[in-house]
Amino acid sequence: MRKALIVDCCLRGRESRTAKLLSAFVDALPADVEAETLVLEEEALSCLTGAHFMQRQRLLDAGALDHPRFRYARQFAAADLVCVAAPFWDLSFPALLKVYIEQVSVDGITFTAREDGLAGLCRGTDLVFLTTRGGFYEGDPMEMGSRYLDALHTFFGFDRYACVAADGLDVDPAAAPEALAQAIERARALAAGL
Ligand SMILES: Cc1cc2nc3c(=O)[nH]c(=O)nc-3n(C[C@H](O)[C@H](O)[C@H](O)COP(=O)(O)O)c2cc1C
C-alpha cells in the first residue's frame, strides 16, 4: 500500500467548499493508496517563537531528530504522496498552514543542506494542493498560495506538483456551484491518476 498524507486546513467546517474538493479527491484515490488525514485545527500547533523555538534549535544541534516534536516532519517525509487542502486567504492560505509548514521544515528530515545547495529528503512523488478562492486568481502573480506550495514541492524533493483550484466562488453566486463542480471533477481525475 502507498500512504497518502492528507493535510486538512479547511477552516469552515461543513460550510467549507475546499473541504468538498478534498472529500472528492480522497474518495477517488486508487485502491492501493491508504489515506491518513491530519486535521490541522485539531493539532496543538505552535509558531516558532520563544522557548518553543529555542528547544527546537537545541534538539537540532544535538541531532535529536527522533524527538516527538519532529513527528510532523517525519510523517510528511515518509508519505508516498501528500495532499494539502486550504482556502485562499489574504492572497495565500490561512496562517495555520504556515505554522504547520514550520513544523514540517526540518533540516535532516524533509530537506538537507549540501555543499552544492539544498536538497529535498521527502520520499513522496506528488504534492497536491486543493484550494477554493473568492476571486479569480488563476495565473495572477498576486496569487501566493499555490505558487508557494509549488516552490515547497521542489524544496522538499517531490517529483511533481499539481494544484486544483475553484476560482471566483464569491463573485457570482449563480456561477459558483458550477465552478466548484468542475474543480471537483478535476480533483477526482487527478486523484484517480495518482
Ligand atoms: C479570512 C479570509 C480571507 C480571504 N481572503 C481572500 C482573498 O485574499 N482573495 C479572495 O479572492 N478571496 C478571499 N477570501 C474568500 C475565500 O477565498 C473563499 O470564500 C473560499 O472559497 C473559502 O473557502 P472555504 O469555503 O473552504 O472556507 C477570504 C476569505 C476569508 C474568510
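Asp-32 is partly exposed, with 34% relative accessible area. Keep in mind that this is a predicted model. The partner of Asp-32 is Arg-2, in a salt bridge whose closest N and O atoms lie 2.9 Å apart. Arg-2 is partly exposed as well, at 25%.

How many salt bridges does a search of the whole structure find? Eight.

Next, Asp-126 and Arg-160. Their side chains form a salt bridge with an N to O distance of 2.9 Å. This pair also links distant parts of the chain, 34 residues apart, with Asp-126 in strand E6, residues 126–132, and Arg-160 in strand E7, residues 160–166. Is Asp-126 buried or exposed? Its relative accessibility is 9%, so Asp-126 counts as buried, the cut-off being under 20%. Arg-160, at 45%, counts as partly exposed.

Now a pair within a helix. Glu-185 and Arg-188 meet in a salt bridge at 2.5 Å, N to O. Why are they separated by about one helical turn? Because they sit three residues apart in helix H6, which covers residues 176–192. Glu-185 is partly exposed at 45% relative accessibility, and Arg-188 is partly exposed at 37%.

Last, a network. Salt bridges link Arg-133, Glu-138, Glu-143 and Asp-167. As background, side chains of opposite charge can pair when their charged atoms come close.

How values were computed
Residues numbered from 1 in each chain as written. Predicted model: local features only at pLDDT ≥ 70, side-chain atom pairs only at ≥ 80, totals over all residues. Heavy atoms only, no water. Salt bridge = Lys/Arg side-chain N within 4 Å of Asp/Glu carboxyl O. Buried < 20%, exposed > 50% of the residue type's maximum accessible area, 1.4 Å probe, protein only. Helix = DSSP H or I, 4+ residues; strand = E, 2+ residues; numbered from the N terminus.
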